[in-house]
Amino acid sequence: MIVGLFVANSLTGQTVSRMSRAMPVSKIEHFILDFVSSGAPAGGILAKGFYKYVYSVVDSTYYVVITSMGYNNTRAQGILDILQKNTSGDIVDALVTMDNVLYGQTAFDPNISLIKSMDSQEEKIHELMMKNKSRELVQKQKELQRRSVSDIDRELERVRSLEIEMRNESIQQLKSIVKTSSSPAKEKRRGLETSMSPVFIVFKERLKMVMDKENNIKSGEVQGDMSITIKEEEYKDIEIRLGNVGTDVKFSPNLDKSVSSSGVLRCEKGFPVEKNVALVKWRSSDIREAPITFTFWPSETSLNVYQIMLEYTAECNMKDLSVFFPKANISNVVISGSARESDAHIEWNIGDVEKGFSDTLEFSCTCSDPAGIFPLEIYFTSDFVFTRLFAEKVERNGEEINEVEIKKVFEVDKFTVVDE
């Protein structure tokens, strides 16, 4: 595995480093001093105890990759080449490159200094468009100067301008319709889960639910999967033993079918490296309790003006809880609380809450029927899963390994509260 990277200039004394895992500053300094004090020659591999240094020297600057003894030298040399090529002696460039190699799983092959000096494709296209427009305007002015503008020409020009204005208004209306119909909760969805551990296993479930305002579940489904990401070549031949394997579980066709049905996951060719792979999937419609409940209190304060009070109670621990109210059927919204108003929705960002916690939002609006605030859209995540499936142990060559991180993620895919 990769322990870390560092760049050190022997003349200026400048040194920058990044480690693949959190460790005390004293240990980081030990790695650097251990290498510097060894009097390493121009380049090569230096073995020290349980670790080795793969390095090169250019213009008094050392570029160093620290790895475990079993790490592939060719891969280490490849990372070293990327670090040296993208740095060019600049400390900031060195930090950017190291961060992308260790944490972002990305490496910049082009030279960073060259990228800095380049204009983006969009900038070039915009510049060409502006030059072309400028030439067209100059050409039109010359043509107008050559001939007198008649009343008919003026009228035609006025009609053209009106047509362009009407067309632009239609485009803006279409954009507004598309924006209104889109789901605001989808914009909050989590990205791909990542980890610095050599073996990263994720149990993730997504909730689809429709519930009425009286908290009756009209439909509900949980879809889940178990995925794995292997970051180091030496761990690709691991074997995972699962517990509580139910009948609703489906296994990836890439797994060894002779043992997968008994809860043993292994791949004859080894698991792919640096790739997120789904191994197991499951689905359940047995949802008997809603994760959150609501109390809806509308009061008509004057003709077609309502004071809306919405109270929620969390039935489980939640993170990033948000409630969205559509504005298509209401107007003149006045909010008393922490919610904010956008073009299409009222967005109540509640944040992290514990099971049993409740809170209330109040706002007034103009509408013919208070049911106009529905459907509500709910979004949240959590660190629990409904499935009883779990990773019992992870082995390599018959021995259990500890370099494993297991994460559980629960996320709303689509959760709607309707009027009835």
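Mentor: Let us begin with the nonpolar core, defined as a set of buried Ala, Val, Leu, Ile, Met, Phe, Trp, Tyr and Cys residues joined through side-chain atoms within 4.5 Å. Buried means under 20% relative accessible area, exposed means over 50%, and partly exposed lies in between (1.4 Å probe, protein chains only). The model is predicted, so local features need pLDDT of at least 70 and side-chain atom pairs count only at pLDDT 80 or more, while totals for chains, interfaces and linings use all residues. Residues are numbered from 1 along each chain as its sequence is written, and side-chain values use heavy atoms, with hydrogens and water left out.

Trainee: Which residues of the largest nonpolar core touch the most other members?

Mentor: Of its 39 residues, these are Phe294, Phe325, Phe363, Ile373, Leu376, Ile378 and Phe415. Strand E13 (305-314) is among the strands that each supply at least two residues, and E13 gives the most, with 5 residues. Strands here are DSSP runs of at least two residues, and helices (H or I) of at least four, numbered from the N terminus.

Trainee: What makes this core lie between domain 2 and domain 3?

Mentor: Domain 2 (199-288 + 386-418) and domain 3 (292-382) both give residues to the core, so it lies between them. Domain bounds come from an automatic or database domain assignment.

Trainee: Why is Glu411 called buried?

Mentor: Its relative accessibility is 4%, and the limit for buried is under 20%; Glu411 is therefore buried. Glu411 is found in strand E22 (residues 404-418).

Trainee: What joins the side chains of Glu411 and Tyr379?

Mentor: A polar contact of 2.6 Å joins them. The term requires a pair of N or O atoms within 3.5 Å; within protein, one must be able to donate a hydrogen and the other to accept it, and residues adjacent in sequence count only if both atoms are side-chain atoms.

Trainee: Which residues are linked in a network of salt bridges?

Mentor: The network links Glu239, Arg241, Asp256, Arg266, Lys393 and Glu395. Within it, Arg241 and Glu239 meet at 3.2 Å, N to O.

Terms used: A salt bridge is a side-chain nitrogen of Lys or Arg within 4 Å of a carboxyl oxygen of Asp or Glu.
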